[in-house]
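Dear colleague,

Please find below the structure for your review, together with its sequence.

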Amino acid sequence: MNGPQDLGGMDGFGPVMPEPDEPVFHAQWEKRAFALTLAMGMPGGWNIDQSRFARENRSPAEYWTMSYYQIWFAALEAMLKERGLVADDEIAAGHALRPPKPVSRVLSPADVLKVLHRGGPTERETNTKPLFQPGDRVRAKIINPPTHTRLPRYVRGHLGVVDRVIGFHVFPDSNATGAGENPQWLYTVTFSGRELWGSEGDATTQVSVDAWEPYLEPAAPL
Amino acid sequence: MTELHEHHHDHSELSETQLRVRALETVLTEKGYVDPAALDLLIETYEKKVGPRNGARVVARSWVDPDYRARLFKDATPAIAELGYAGRQGEHIVALENTPKLHNMVVCTLCSCYPWPVLGLPPVWYKSAPYRSRAVADPRAVLKDFGVTLPPDTQIRVWDSTSEIRYLVVPMRPAGTEGWSEERLASLVTRDSMIGTGLPKSPRDVK
Amino acid sequence: MSHDHDHHHGSELSAMQLRTRALQTILVEKGYIEQAAIDELIETYEKKIGPRNGAQVVAKAWSDAKFRQWLLADGTAAIASLGFGGRSANHLVALENTPAVHNMVVCTLCSCYPWAVLGLPPLWYKSAPYRSRTVADPRGVLREFGVELPKDTEIRVWDSTAELRYLVIPMRPAGTEGWSEERLAELVTRDSMIGTGLPKSPRDVQ
Amino acid sequence: MNGAADMGGMHGYGPVVREENEPVFHADWEGVSFALNMATGVAKLWNLDAFRFQRESIPPPEYTNLSYYGLWTRTLELMMLKYGVATPEELAAGHATSRPKKTPRPVTAADVAEMVRCGSPYERPAPAPARFKVGDKVRAKNMHPKTHTRLPRYARGRAGEVVRIVGCHVFPDSHASNLGEDPHWLYTVRFDGRELWGADSDPSVRVCIEAWEPYLEPLR
């Protein structure tokens, strides 16, 4: 979606303000919101692309004024409610008012480190061949899906060069809507700054994105 | 610009969120979906154990051990796992080599992707709208916000983390560190130098 | 989706009231503006100029073929002949709806609108949902206005990026043969002149 | 600039919400905010494009959370500060505590009536013949100025067709930065919806924008 998360190339947000000696968390509740989000991944049964969509799928006015963990927490609430695991009246009461729904698994303290160490690899087996090779010129397609996509607006319609064939990876555009992993070939595609930002742009800048095959179309070689 | 800006989101909002987070945690615990001890362990892990010191060890090793360096740039995920770092938000890591001609910089314009196993959780600025909006369009100006000025002919390559690939910048080894131990070298490697918004400390900065 | 992030518009209103009054006081005290000028502006756009002007233009275009031709060729001159023009209509373009083409007007960048014929724009016209979606999904927006057009009708969206202002001339409803201009004008809604609505049907009036 | 004002094609703002029998102003102060902005325009304290540039420069979190006339009032405050019409202290006090260096001729009710009647035409004599003619295929340039522009992001880099030569008009990109009126030829350019939004989008949609000559290049 062309939502508030798609920030690349926007103006007006002001300078970057690094905080000296920044703590990992800025408040007690941030720690809990972070840990709850990680811990609920297992019983909640959602995937990372669904979490991302839940975070970005809100009004820009709201997204741009919320802090980072406020956005995480709002997405967690939305996903819990969507799946009927928790209801508004329960959050208001601060107590469970209904028996739990059966869930596949709960994260036990003993499993935490194992689960973190394993992570969630997104590479999948395939016997297909990638359509593009390093050095190929490609154009990022003009697409504007209202659902989750990882092709930023600022590269759409622009010409780039395939830098690297990364592998065969879960396709977020499908995975986010619950349409399955639908894995696709994934590439690193590099664009010159001038191609993206116009002839006034800095000639020494290049920008690389990771792009799945359905985002790309072949372009004529130079 | 903001002296008249009255539309602020004051601290009452924070305490509201705080109460709401606590309420949700209670409900989820009562329903048996989460174990509070697991939450404590998750927090402790990312607050105390996993952080940029991990990445600094990787970089320092690559500075002293050419074989390791070659493995790191060929396939970073197993090379980093040799030092015991792996897992969540680092399932597929790519190491980016800074050279006198090329400076790499990492951003996630769409959310906040960041190589957790080597750098820990990202700082607020990395996740902020100013960084996410400007890093791809005007990286030199962003570098200036960090006090970094590169030669005008250095190529800057920005990596927008749009997939599950995570990027680790390997900065150039500072001059004047010949013969230093890996451990001592690691003390020069800052978090920002591994994101590309900073450079390593100079030997003068550490005694 | 939950929207817990309340923006306390009540408190914004009273703060804005104070801030706006402060600006007014300062500008009048410094002698930049006379209070009477402020009152005149509010009176003009609150009471005098509104979509009835545009409705008159459309009704005339429906009943006078020569005027219609003139309006489509030079909107600014044609509306001036009815006494409309000036602010926000110095360059007026009339857009003709036909069975094949439906026109719709938006200003994605701010809130440009043909004041002289329609008055000041409604909130929805200036809102982010209308500004963001009309250029990309005009049929979806039309649906929210209860308007469903044939699939093969071309939808032409006009994004008012310059000082041109657009007035949509909707199609004359059937069953209005022989009606007077005045009676026809009653059928012309504001939304039908923006392109988010259609004129009333003869059944809707009396 | 690619600010919050450039909304065309964004998602997430929700449905269009209409209000039955909407009043022209929802509170007295809205009418005042409106009138002050018109009157300061008549007083020529600044030009309209400079005003728009200031309004869209408001940081997106603030821009998107202000009401419509709240945004106008906020912009007016910033313009008054920037152009030395008031000091921060005066805005806070709500009163003038200093006099303008040159006594202004105040905007009167008669000036206002004149403005409503005559408006402010933007057409200017052409310094050169128009480069494009109706029917020409053109591409909107891919440009991202940090200052004011009226070329929306969604049209940049896309190919369209000139459907009207409007005339030679004040160029907002220059005017907003107080670089003079710098008039340029203005065209209406029509784009196919699929060119803007992709092959899968509604084939019956066309979008027209007005584009000044410096926004356009011939389609090769």
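Predicted model: local features only at pLDDT ≥ 70, side-chain atom pairs only at ≥ 80, totals over all residues.

Over all chains, the structure holds 49 salt bridges.

In chain A, Glu62(A) and Arg58(A) form a salt bridge, with 3.0 Å between the closest N and O atoms. Glu62(A) is buried, because its relative accessible area of 4% falls under the 20% limit. Arg58(A) is likewise buried, at 3%.

In chain B, a salt bridge joins the side chains of Asp145(B) and Arg134(B), at 2.9 Å from N to O. This pair links distant parts of the chain, 11 residues apart: Asp145(B) belongs to helix α9 (residues 139-145) and Arg134(B) to helix α8 (residues 129-134). Asp145(B) is partly exposed, with a relative accessible area of 29%, whereas Arg134(B) is buried at 18%.

The side chains of Glu90(D) and Lys30(C) meet in one at 3.0 Å, N to O. That pair crosses from helix α5 (residues 88-93) of chain D to the loop between α1 (9-29) and α2 of chain C. Glu90(D) is buried, with a relative accessible area of 0%, and Lys30(C) is buried at 7%.

Finally, Asp39(C), Glu43(C), Glu46(C) and Asp28(D) form a negative surface patch. Helix α2 (residues 35-48) of chain C contributes the largest share, 3 residues. Asp39(C) lies in this helix and is partly exposed, with a relative accessible area of 42%.

With kind regards

Key: Residues numbered from 1 in each chain as written. Chains lettered and ligands numbered in written order. Heavy atoms only, no water. Patch = residues over 30% accessible without salt bridge, like charges linked within 9 Å, V, L, I, M, F, W, Y side chains within 5 Å. Areas by Shrake-Rupley, 256 points an atom, 1.4 Å probe, with all protein chains shown as cover. Salt bridge = Lys/Arg side-chain N within 4 Å of Asp/Glu carboxyl O. Lys, Arg positive; Asp, Glu negative; His and termini not counted. Charge placed at Lys NZ, Arg CZ, Asp CG, Glu CD. Helix = DSSP H or I, 4+ residues; strand = E, 2+ residues; numbered from the N terminus. Buried < 20%, exposed > 50% of the residue type's maximum accessible area, 1.4 Å probe, protein only.
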